[in-house]
Amino acid sequence: MSTTSPIILVFGAGPRIGTSVAKAFAAKGYKVALASRKASEANNTANEIHIQSDFADPGTVVNAFSQVKASLGIPSVVVYNGMYRFPEPRWFLSLSL
Amino acid sequence: MTPNPPNDPLSLQLADFNKDFNINTVSAFVAAQQAATGFAQLPDSAAKTFIYTGNIQNTIIIPPLLDLGVGKAATAHIIQSAAAAYKDRGYKYANFCPFIGKRLTVIGSTMATSARLMVRLSTAQSTGMRTRSCI
């Protein structure tokens, strides 16, 4: 029984980093679970599920894992993007790193 | 994430500080915890990789973003601790900072690169000991 797909769970799967990560891992044969505030189950497919979660409540993280386990299986890769977008004041952009 | 006046970081409301700490650190801790419980049930061949998206605030201070900096520094510590402790079990815990080495105005183009690096991390033997200061 070694033909089951590996699973990735991405927290904070916004329109930028979340979907990039999902695409990259899907290309490697992973099934994908995306958890975010705006996620909607209506977008679920056989290989990609969406879990509505608000990380201001840590309990939703536990729920997300339960849902993934029930729908797809135990994730072998977990990515947590807690807070990715932030304002970019002009001085911030001028920082030299 | 709630910005504060650059010259008055301590004016940040406690309610905002707590909420953002939950988002950046407490929930991340729970995710790391849950991930480990799951990894223990997977075969040796599984990737068993946890990646936290940090940012450069592990090492420098950006004045209007105090609570983001606090959360990410705290979680970086959790990641570093987990990386060392679970290494022998083959679990990889990594703090990934997509902004390191890139001009901040090029945020969009680093997404795909970040994603590719994460895939590479998942197949790597280990993440090395670079988890504190970002990959």
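User: Before I look at any detail, how much confidence does the predictor place in chain B, and where is it lowest and highest among the elements?

Analyst: This is a predicted model, and chain B has a mean pLDDT of 77, with 68% of its residues at 70 or more. Among the elements of chain B, helix α3 (residues 107-123) has the lowest mean pLDDT, 76, while α1(B) has the highest, 93. Residues 56-61 of chain B have pLDDT below 50, although this stretch has 15 contacts in the model beyond near neighbours in sequence, and residues 129-135 of chain B are also below 50, with 22 such contacts. Where pLDDT is low, the predicted coordinates should not be read in detail. For the model as a whole, the scores are ipTM 0.84 and pTM 0.83.

User: How should I read the sheet, and in what order do its strands stand?

Analyst: Strands of a sheet pair through backbone hydrogen bonds, either parallel or antiparallel. Here the open sheet has 6 strands in the order β3(A)-β2(A)-β1(A)-β4(A)-β1(B)-β2(B), and the pairing is parallel. At the edges stand β3 (48-52) of chain A and β2 (92-96) of chain B, each with a single partner strand, so one side of each has no neighbour in the sheet. From one strand to the next, the twist averages 15°.

User: Which strands pair where chain A meets chain B in this sheet, and over how many bridges?

Analyst: Strand β4 (residues 77-80) of chain A pairs with strand β1 (residues 49-53) of chain B in the parallel sense, over 4 bridges.

User: Are the residues of β1(B) buried or exposed, and which way do they point?

Analyst: β1(B) is mostly covered, with 5 of its 5 residues buried. B:T49, B:I51 and B:T53 point one way from the strand, whereas B:F50 and B:Y52 point the other way.

User: What is the corresponding picture for β2(A), and which strands does β2(A) pair with?

Analyst: In β2(A), 5 of the 6 residues are buried, so the strand is largely enclosed by the rest of the structure. It pairs with β1(A) in the parallel sense over 5 bridges, and A:V10 has A:L34 as its bridge partner in β2(A). β2(A) also pairs with β3(A) in the parallel sense over 5 bridges, where the bridge partner of A:A33 is A:I49.

User: Where does helix α2(A) lie, and which of its residues are buried?

Analyst: An α-helix has 3.6 residues a turn, so residues three or four places apart point the same way. In this model, helix α2 (residues 59-71) of chain A lies across β1 (7-11), β2 (31-36), β3 and β4 of chain A, running at about 155° to β1(A). Its buried residues are A:T60, A:V61, A:A64, A:F65 and A:V68; seen down the axis of α2(A), the buried residues fall within an arc of 145°, so they line one face of the helix. What covers them includes β1, β2, β3 and β4 of chain A together with α1 of chain B. After α2(A) comes A:G73, whose phi is positive, near 135°.

How values were computed:
Residues are numbered from 1 along each chain as its sequence is written. Chains are lettered from A and ligands numbered from 1 in the order in which they are written. This is a predicted model: local features need pLDDT of at least 70, side-chain atom pairs count only at pLDDT 80 or more; totals for chains, interfaces and linings use all residues. Side-chain values use heavy atoms; hydrogens and water are left out. Two strands pair if DSSP finds at least two bridges between them. Helices (H or I, at least four residues) and strands (E, at least two) are DSSP runs, numbered from the N terminus. Axes are lines fitted to C-alpha atoms, for helices over the stretch in contact, and angles run from 0 to 180 degrees between N-to-C directions. Contact means heavy atoms within 4.5 Å. pLDDT is the predictor's confidence in each residue, from 0 to 100. Buried means under 20% relative accessible area, exposed over 50%, partly exposed in between (1.4 Å probe, protein chains only). The arc is that of the directions from the helix axis to the C-beta atoms.
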